[in-house]
Amino acid sequence: MKAIIIGSGMSGLTSGAYLAKAGYEVIVHEQFPTPGGVTVTVKQDGFGWDIGPLLLEGFAPGDKGRVILEELGVSDEVPSVHEDRGLSMQEFTLWKPDNYQGPYWRRDALKKIFPEEREALDRYYLFYDQMIKLMSLGKQSEIEKGLKGLWIKLQMWLAFQKVKDKVNWNGSQLMDHYFQSPVLKTFFLGIVADFVTAPSEFPALGVPSIHLETAFDKRIPTFPGTRSAQTAYTYIRGGCQTMVDAVMGVITKNGGRVVTNSAVKRILVKEGKAVGVELADGTIEQGDVVLASGGMKELFFELVGKEMIPAELIEQIESNLMMESVLMVQLGIDIDPTPYQPAALCYYYKTNDLEGSVQRLRSGYYHEGREGFLIYVPSLHSKSLAPEEKYAVTIYTIAPDTLNDGPWSQRREELADKLIAEAETQIPGLSKHILTRLILTPEDFRKRTALKHHSFGGIPPVIGNKAPSHQTPIQNLWFIGAQSESGGGVLNVMTGAQKVATKILGLN
């Protein structure tokens with residue numbers, strides 16, 4: 001049996017690794033010169049930076065991502081570092097205390113900053129705990145079967161009764177229910193802007209899952225030891241290229257191939273079945289199964305063709321809102337940033353108008369970093385990413401895929417300078433200590449991902465959005481990756497790829 005895989009991001013590599021390990025002949029076609037998609041580590045002048053993932057969930061011992069690496073036999077090749085991050089508002093910044101003060105230290109700190117919201121914070125954290133319990137039971141229900149599984153489902157039903165009144169709420173309604181302060185609302189919901197999703201578009205019951213307390217203090221007990229949905233967050237030591245190389249190695253060690261500079265022009269369909277692909281150079285390649293990652297429009301409208309797709313799927317694809325892109329500036333510096341930012345990663349929120357920020361972004365307006373950005377110093381957890389006594393730094397912020405006032409290619413240097421200037425408000429003197437820099441604009445990401453509109457994290461978690469299923473209307477054609485039902489994020493695309501490979505192996 002032969003599997004043809006389009007795209008060498010983590011979804012393509014993971015599915016290919018499972019199939020190759022099971023005896024399939026696997027070939028992965030990657031249109032870009034290097035494999036890995038946006039999970040690669042780019043290097044320049046002795047420095048290295050990841051261009052996609054930052055602090056990952058799901059790769060601590062016992063977590064889904066780690067289990068996948070264990071099943072593929074490469075877990076030891078992908079060491080991780082358990083860490084946390086900071087969060088800075090215009091009015092205050094919270095870093096974990098030197099001495100551990102329990103899982104609710106941020107709640108207690110917020111009570112001191114917002115004494116008038118003390119009761120509201122207690123009520124919100126009660127809701128948070130209720131949702132964590134519900135999500136934890138959901139995780140257990142995926143594992144337990146029989147009577148124990150039924151008992152857990154009964155507990156889930158009982159837990160849901162405590163939050164079901166909010167099931168049709170959006171994030172904005174949830175925050176208005178608990179808080180008066182716009183700063184507190186942004187504190188708990190600011191991360192949705194990273195998805196280019198407005199608070200009024202995000203489901204209320206999803207808020208705790210995107211703002212877990214364990215992201216801000218690694219000392220809080222995490223899953224699986226506590227049977228809690230509060231997962232641990234980790235960096236991949238040496239950069240995410242380590243994971244790309246390890247999983248890709250499973251394919252090649254089992255006789256498979258990963259071919260770069262190899263774009264697929266169309267998917268060959270005969271009598272309702274995918275039977276192979278035609279490459280950009282005209283080469284025809286036959287296969288028993290085709291797995292495609294990348295964009296949903298690129299796959300169904302271009303590689304397959306609208307004429308072969310049911311009208312309801314066309315409508316579903318066209319109705320989905322998409323994320324926007326990012327501007328990313330990678331720096332090599334000779335100044336120690338830790339006196340100003342003690343952890344490797346910190347988000348800096350500079351606006352409380354999340355609704356307006358998202359709508360402006362979708363219209364092509366770029367805030368130039370004034371509404372927020374993050375600073376990530378990967379060499380703090382992986383010394384190999386910078387020369388001795390030097391530091392690798394990433395500054396990035398969400399940005400429109402297409403600017404409304406000039407192309408990215410003409411404004412890349414100017415806008416990179418402005419983003420660095422904003423970061424310099426946090427790390428004084430930064431611009432004077434830059435040894436090298438590498439700019440990645442939405443245009444660069446479009447080329448790397450073969451997307452006409454670069455959607456940085458796939459399909460945003462907007463109420464009403466519905467990604468296409470893994471199993472397509474074309475027999476033997478499967479859709480994987482961030483724009484498929486798996487959703488964005490390294491853990492999600494790898495888990496989705498694992499599920500698809502398992503289904504394929506079960507069918508043949």
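**Chat about a predicted model**

Colleague: Which residues form the negative surface patch?
Modeller: Glu 70, Glu 71, Asp 76 and Glu 77 form the negative surface patch. Patch residues have over 30% relative accessible area and no salt bridge, with like charges joined within 9 Å. A salt bridge is a Lys or Arg side-chain nitrogen within 4 Å of a carboxyl oxygen of Asp or Glu. Asp and Glu count as negative, and a charge is placed at CG of Asp or CD of Glu.

Colleague: What am I looking at, and how is it numbered?
Modeller: This is a predicted model, where local features need pLDDT of at least 70, side-chain atom pairs count only at pLDDT 80 or more, and totals for chains, interfaces and linings use all residues. Residues are numbered from 1 along each chain as its sequence is written, and side-chain values use heavy atoms, leaving out hydrogens and water.

Colleague: Where is Glu 71?
Modeller: Glu 71 is in helix H2, residues 64-71; helices are DSSP runs (H or I) of at least four residues, and strands (E) of at least two.

Colleague: Is Glu 71 buried, partly exposed or exposed?
Modeller: Glu 71 is partly exposed, because its relative accessibility is 41%. Buried is under 20%, exposed over 50%, and partly exposed in between (Shrake-Rupley, 1.4 Å probe, protein chains only).

Colleague: How many residues of H1 are buried?
Modeller: Eleven of the twelve are buried, among them Met 10 and Tyr 18. Just after H1, Gly 23 has a positive phi of about 105°.

Colleague: And where is Val 377?
Modeller: Val 377 is in the loop between strands S17 (372-376) and S18 (391-399). Val 377 counts as buried because its relative accessibility is 1%.

Technical notes: Patches are made of residues with over 30% relative accessible area and no salt bridge: like charges are joined within 9 Å, nonpolar side chains (Val, Leu, Ile, Met, Phe, Trp, Tyr) within 5 Å.
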